[in-house]
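The tour moves from one selection to the next.

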Amino acid sequence: MARSINQNAYSGALPNFRNLGIMLRILLFGNAVAVAAAVLKGPDLVGAWREFVESAALVQPLLVLSVVALAALSGVLRLLPYWLGVVAVLALELVLTTALYFEGRTLLGPSPAPLERYLLIVALTTLAILAYLDLRGRALSPALSEARLQALQARIRPHFLFNSINAALLLIRQDPRRAEIALEDMAELFRVLMADNRELTPLTRELELCRQYLGIEQLRLGARLRVEWRLDAMPNDALVPPLVLQPLLENAVYHGIEPRIEPGTIVIHIAAVRDQLQAVLRNPYRPEADRHGGNRMALANIRERLALHFDAEASLSTRAEADSYEVRIVMPYVRNPEPRAAAGGSRE
């Protein structure tokens with residue numbers, strides 16, 4: 001199932017109503033309003049329960065139909081200017097409410113409340129939900145999150161820079177061509193780190209960046225660093241948030257390989273499972289041998305960017321075992337509308 005690019009990044013338009021997180025928030029918000037109205041109207045808990053049950057005949061079908069209709073029309077609504085989109089959503093909700101009200105009267109008999117009351121409550125609830133989603137979109141927007149994103153991008157450890165330069169300098173006389181490639185990889189890596197990384201990027205491009213980073217680390221770690229790529233089930237047309245894998249590899253090298261004397265293997269497994277893209281990174285890890293201590297800045301930042309792009313449809317989880325550490329990312333499988341950009345993916 002193809003998905004739209006940059007699904008939840010704020011752009012001054014209505015949110016993506018096809019996103020599961022947005023759907024869940026609408027359902028929860030609508031039910032919360034129904035419960036609050038029942039509590040205010042009922043004289044006691046039993047009366048409030050009766051009020052909620054009576055209103056459920058209209059509220060629950062309305063919420064379900066609203067979610068379905070908004071998801072179906074999401075592509076059109078997001079093309080409209082924001083306030084025109086708000087008017088369109090409000091009109092849709094009022095039409096659905098009116099239709100369900102008269103349908104309910106036909107099936108269940110007269111409603112205990114006039115139509116005007118339901119229309120007012122639905123209108124206020126709709127505007128409140130849209131205002132909340134708009135504020136949330138602004139709070140998670142790349143413009144307001146830019147400082148935190150730049151903190152991650154500028155966070156690359158100084159020792160990596162100095163050690164990589166020293167490794168390249170040592171190669172200049174022994175293997176000038178290899179030293180030149182290493183310096184070119186470093187320049188490309190820093191160019192991407194300092195770029196404006198707000199839009200989704202081809203997964204093949206992200207992997208190319210990872211290979212460049214690991215190639216630089218291989219210069220100084222040599223045979224201690226081993227990498228196992230498991231990409232047989234990886235789609236070449238997938239799009240991912242930029243810098244979603246490289247910081248994890250940096251953590252894997254820093255905490256899993258550097259403290260070891262013996263060789264260690266980092267495993268990268270990426271696969272598409274139905275409409276999801278799953279990435280698993282595993283590295284050797286012994287807490288007692290890790291002199292660097294914990295560093296969860298990269299994990300927290302990646303979680304934040306996954307939420308920005310995919311809301312509740314993406315997740316990042318970690319698992320520490322006796323001798324290994326695993327990071328698992330699950331996100332929607334977003335297809336690249338430009339196949340040529342993804343055609344250059346390589347496999348090992």
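## Stop 1

Select H1 and helix H4 (residues 115-139): their axes come within 11 Å and cross at roughly 135 degrees. H1 and H4 are therefore oblique to each other. Their crossing is right-handed. Bear in mind throughout that this is a predicted model.

Now show side chains at this contact. From H1, pick Ile22, Arg25, Ile26, Phe29, Val33 and Lys41. They meet Arg117, Ile121, Thr125, Ala128, Ile129, Tyr132, Leu133 and Arg136 of H4.

The axes of H1 and H2 come within 9 Å, with a crossing angle of roughly 160 degrees. That makes H1 roughly antiparallel to H2. The contact draws on both helices. H1 supplies Met23, Ile26, Leu27, Gly30, Asn31, Ala34, Val35, Ala38, Val39 and Lys41. H2 supplies Ala48, Glu51, Phe52, Val59, Gln60, Leu63, Val67, Leu70 and Ala71. The crossing of H1 and H2 is right-handed.

## Stop 2: the five-stranded sheet

In what order do the five strands of the open sheet stand? The order is E2-E4-E5-E7-E6, with mixed pairing. Strand E2 (225-230) and strand E6 (315-320) are at the edges. Each has a single partner strand, so one side of each lacks a neighbour in the sheet. On average, neighbouring strands are turned by 15 degrees against each other, direction ignored.

Walk across the sheet from E2.

- **E2 to E4.** Select strand E4 (residues 264-273) next to E2. The two run parallel and are joined by six bridges. Click Trp229: its bridge partner in E4 is Ile268.
- **E4 to E5.** Here the pairing is antiparallel, over seven bridges. Ala271 has Gln278 of E5 as its bridge partner. Zoom in on the hairpin of E4 and E5, which has two residues between the strands. Arg274 takes a positive phi there, near 55 degrees.
- **E5 to E7.** Nine bridges pair E5 with E7 in the antiparallel sense.
- **E7 to E6.** E6 and E7 run antiparallel, joined by six bridges. Thr318 stands opposite Val327 in E7. A hairpin of three residues joins E6 to E7.

Stay on E7 a moment. Is this strand mostly covered or mostly open? Mostly covered: eight of its nine residues are buried.

## Stop 3: helices on the sheet

Bring back H8 and H9. H8 lies across E2, E4 and strand E5 (276-284), running at about 160 degrees to E2. Helix H9 (residues 246-257) also packs on the sheet. H9 touches E2, E4, E5 and strand E7 (324-332), and its direction makes about 150 degrees with that of E4.

Next, look at the two helices as a pair. The axes of H8 and H9 come within 9 Å and cross at roughly 25 degrees. That makes H8 roughly parallel to H9. Their crossing is right-handed. Select Glu206, Leu209, Cys210, Tyr213, Leu214, Glu217 and Leu221 in H8. Facing them in H9 are Gln246, Leu249, Glu250, Val253 and Ile257.

## Stop 4: the nonpolar cores

Which residues touch the most other members of the largest nonpolar core? Select Leu203, Leu245, Ile270, Leu306 and Ile329, out of 46 core residues. Helix H8 (residues 203-221) gives the most to this core, with eight residues.

Centre on Ile270. Leaving aside residues up to four places away in sequence, Ile270 touches Leu203, Leu207, Arg230, Leu231, Ala233, Met234, Leu245, Leu277, Gln278 and Ala279.

Terms used
Residues are numbered from 1 along each chain as its sequence is written. This is a predicted model: local features need pLDDT of at least 70, side-chain atom pairs count only at pLDDT 80 or more; totals for chains, interfaces and linings use all residues. Side-chain values use heavy atoms; hydrogens and water are left out. A nonpolar core is a set of buried Ala, Val, Leu, Ile, Met, Phe, Trp, Tyr and Cys residues joined through side-chain atoms within 4.5 Å. Buried means under 20% relative accessible area, exposed over 50%, partly exposed in between (1.4 Å probe, protein chains only). Helices (H or I, at least four residues) and strands (E, at least two) are DSSP runs, numbered from the N terminus. Contact means heavy atoms within 4.5 Å. Two strands pair if DSSP finds at least two bridges between them. Axes are lines fitted to C-alpha atoms, for helices over the stretch in contact, and angles run from 0 to 180 degrees between N-to-C directions. Angles under 35 degrees count as roughly parallel, over 145 as roughly antiparallel, 65 to 115 as roughly perpendicular and the rest as oblique. A crossing is left-handed if the near helix is turned anticlockwise from the far one by less than a right angle, and right-handed if clockwise.
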